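Open your viewer and keep the selection panel handy. We will go through a few stops, one selection after another.

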Protein chains: 2
Amino acid sequence: MPKLDASLIAGLPPFEGLEKDELEQVLAPARSLRFEREKPIFEQEAEAHFFFVLLDGHVRVVRTTPEGQQVIVRYISEGEVFGIATALGRTAYPATAIAAVDCVVLAWPSALWPELSTRFPALGANTYRTVGSRLQEAHTRVIEMSTEQVEQRVAHALLRLVRQTGRKTGEGIEIDFPITRQDIAEMTGATLHTVSRLMSAWEGEGIVKSGRKRVTISDPHRLMLKAESREQR
Amino acid sequence: MPKLDASLIAGLPPFEGLEKDELEQVLAPARSLRFEREKPIFEQEAEAHFFFVLLDGHVRVVRTTPEGQQVIVRYISEGEVFGIATALGRTAYPATAIAAVDCVVLAWPSALWPELSTRFPALGANTYRTVGSRLQEAHTRVIEMSTEQVEQRVAHALLRLVRQTGRKTGEGIEIDFPITRQDIAEMTGATLHTVSRLMSAWEGEGIVKSGRKRVTISDPHRLMLKAESREQR
DNA sequence: CACTCACTTTGCGCGAGCGCAAATTCTCTG
DNA sequence: CAGAGAATTTGCGCTCGCGCAAAGTGAGTG
């Protein structure tokens, strides 16, 4: 196995505040792995033997209910940690992670977490900061689901995706990975039909441009208006 | 200020795995505080100067949207940590905590968290385990909101409350603190009207018994059926 | 290059649950 | 113990968004 170079992870948020030699020590027990598009990286309920950092690509995190319903918990972007069940005292992954596109990840054995987080406190702090913002984001979603209409929820979801993974193009900002109406529906608690109708309407208004598994926001500002407007309960 | 005794916190989940003398060291910088019913313990957006453990009572954690909408994030029971923004790298509380009944809490200055969690790794591990289950619970709520009808959501919410804070009485299991239809509505994303209608119906079926700010589950099993049944999207 | 399958669009009807309103009941306060 | 206010119940109409159905449109594959 070729030795991984510190430059791979230098500058990534989880490793902020670590010196070069520390980066190397952190990297030493890590393995680099590739996953093809739509291949699972880990499965819900499986034992959490590894935790991960995404080097390249996008990962979809999905939770499935006992009744077989799927909900997209979040998308992971480059440079984020994921699968950190261990850091939260869990022995199994609470959700399934699937490569949304071809991905490159780093994987550490979960058993090393206690040692790594003690030896490199910044790593622990960075990770728990991420956990904090995910917790807050989850609560935000609960609130959106409680208080907003479908139109606003979809608008908010798109804006969030654009903020996290937007890529500028000639026609606006494009979501950087393949995403279907069904996916958006699973993120917002709507049906793909309703999402499709909304997107068509917005396309007509010139707010978005979308094709098969592709969404571009041409007028983010007007979309923000959609996200905020309308009376609430 | 009277010195606090280790027995106060011995056996509480956050302090599991600490020795008696360690408990005393942890307790040394803590202050004990009382809060009257309906008084805020901390406010959303305020700087997180303290983190807390609830010794007695029940605390309601509420998040308010910019538009003034309120959503109940969770209830805290005896022996739980809360207000741990600091441990997640946040400087402000993301929500407001209100004493649902008269409460006794322990408060530590946030600035001590790094030192305490390093000196007593078990404390850190216990806390992050709690964070992990809260994150998972938040996702569970997102999923419920996405996939369930109001009736099931209310049933699930009641069952969760009963599990966390149930107190056995002659007529069933009672939720141990005052809770209004409005509160239940804010937990489930419904209106108090719909909650009221549901509870009336269930009362007629002999599943619950409820009065002003009081809810008793007389037939948890039948309520579980309500929570699970019904076709889903 | 055609075929197939996945994804998307669109129409139509219906029902859960909200919005609004008003009446009722319980609890606390003075 | 009476009055006031908070909490709860209940009715009614309406709308949003789902359920179901079917047709249309790409994009990848043999």
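Start with helices α5 and α6 of chain B, which count as roughly perpendicular because that class covers angles of 65 to 115 degrees. Select residues 181-188 and 192-204 of chain B: the two axes come within 8 Å and cross at roughly 110°. Axes here are lines fitted to C-alpha atoms, for helices over the stretch in contact, with angles from 0 to 180 degrees between N-to-C directions. Helices (H or I, at least four residues) and strands (E, at least two) are DSSP runs, numbered from the N terminus.

Now show side chains. On α5(B), the contact (heavy atoms within 4.5 Å) involves Arg181(B), Gln182(B), Ile184(B), Ala185(B) and Thr188(B), and on α6(B) it involves Leu192(B), Val195(B), Ser196(B) and Met199(B).

A word on the model: it is predicted, with local features needing pLDDT of at least 70 and side-chain atom pairs pLDDT 80 or more, while totals for chains, interfaces and linings use all residues. Residues are numbered from 1 along each chain as written, chains are lettered from A and ligands numbered from 1 in written order, and side-chain values use heavy atoms, without hydrogens and water.

Next, move to chain A and its open sheet of four strands, ordered β1-β8-β3-β6 with antiparallel pairing; pairing requires at least two DSSP bridges. Its edges are β1 (31-35) and β6 (81-82). Select 103-109 of chain A to see β8(A), joined to β1(A) by five bridges. Within β8(A), Ala107(A) is the bridge partner of Arg31(A).

Key: Angles under 35 degrees count as roughly parallel, over 145 as roughly antiparallel, 65 to 115 as roughly perpendicular and the rest as oblique.
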